[in-house]
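Please read the following briefing alongside the sequence and the coordinates.

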Amino acid sequence: MRDRAHDTVMAEVFRNDPAYAVELLNNILEDGEQGELLIALRQMAEAFGGVRSVAKSAELNPNQIYRTLSEKGNPEVKSLTAILRAMGLRLAIQPICPTPVTH
């Protein structure tokens with residue numbers, strides 16, 4: 001039996017369960033772990049047809065996406081927004097508390 005790469009398996013999970021992908025990304029964003037976010041986005045890019053396909057949809061250069069989502073990547077909001085949009089997602093700001101705290 002041949003082992004499948006973790007990234008390949010995760011891409012399949014994301015493809016089959018987009019709601020899980022969204023939940024995972026939100027949890028990663030809440031924790032603030034940029035490295036984990038970049039790994040998940042690389043895996044999601046594979047789920048959406050690969051980096052070249054995402055790059056075309058995002059109107060970005062594939063090499064730029066590879067650099068942006070690399071271990072040392074530091075995505076600009078504009079690039080991140082374009083990549084997420086190509087995947088049918090977007091960044092959103094939500095309050096931590098259900099009602100604003102007043103002092």
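Contact here means heavy atoms within 4.5 Å, and helices (H or I, at least four residues) and strands (E, at least two) are DSSP runs that are numbered from the N terminus. This is a predicted model, in which local features need pLDDT of at least 70 and side-chain atom pairs count only at pLDDT 80 or more, whereas totals for chains, interfaces and linings use all residues. Residues are numbered from 1 along each chain as its sequence is written, and side-chain values use heavy atoms, with hydrogens and water left out.

**Overall chain**

- The protein chain holds six helices and zero strands, and its pattern, read along the sequence, is α-α-α-α-α-α.
- Taken along the principal axes, the C-alpha atoms of the protein chain fill a box of roughly 60 × 35 × 25 Å.
- Of the 103 residues in the protein chain, 30% are buried, where buried means under 20% relative accessible area, exposed means over 50% and partly exposed lies in between (1.4 Å probe, protein chains only).
- Among the contacts in the protein chain with a separation of 6 or more, 51% are between residues 24 or more positions apart.

**Helix α3 and its surroundings**

- Helix α3 has 14 residues and reaches 20 Å from its first C-alpha to its last, which is close to the 20 Å expected at 1.5 Å a residue; the expected span is 1.5 Å times one less than the number of residues.
- The buried residues of α3 are Leu 37, Leu 38, Ala 40, Leu 41, Gln 43, Met 44, Ala 45 and Ala 47, and what covers them includes α1 (6-16), α2, α4 (51-58), α5 (62-68) and α6 (77-86).
- After α3 comes Gly 49, whose phi is positive, near 95°.

**Packing of α2 with α3**

- The axes of α2 (residues 18-31) and α3 (residues 34-47) come within 9 Å and cross at roughly 160°, where axes are lines fitted to C-alpha atoms, for helices over the stretch in contact, and angles run from 0 to 180 degrees between N-to-C directions.
- The two helices α2 and α3 are therefore roughly antiparallel to each other, given that angles under 35 degrees count as roughly parallel, over 145 as roughly antiparallel, 65 to 115 as roughly perpendicular and the rest as oblique.
- This contact is made by Ala 21, Leu 25, Ile 28 and Leu 29 of α2 together with Glu 36, Leu 37, Ala 40, Leu 41 and Met 44 of α3.

**Ala 21 in α2**

- Ala 21 lies in helix α2 and is buried, with a relative accessible area of 3%.
- Not counting residues up to four places away in sequence, Ala 21 touches Phe 14 and Met 44; the C-alpha atoms of Ala 21 and Met 44, which are 23 residues apart along the chain, are separated by 7.8 Å.

**Packing of α4 with α6**

- Helices α4 and α6 pack at an angle of about 110°, with their axes 8 Å apart, and that makes α4 roughly perpendicular to α6.
- Val 54, Ser 57 and Ala 58 of α4 make the contact with Ala 82, Ile 83 and Ala 86 of α6.

**Glu 59 in a loop**

- Glu 59 is placed in the loop between α4 and α5 and is exposed, with a relative accessible area of 73%.
- The phi of Glu 59 is near 60°, a positive value in a residue other than glycine.
- Most residues other than glycine have a negative phi.
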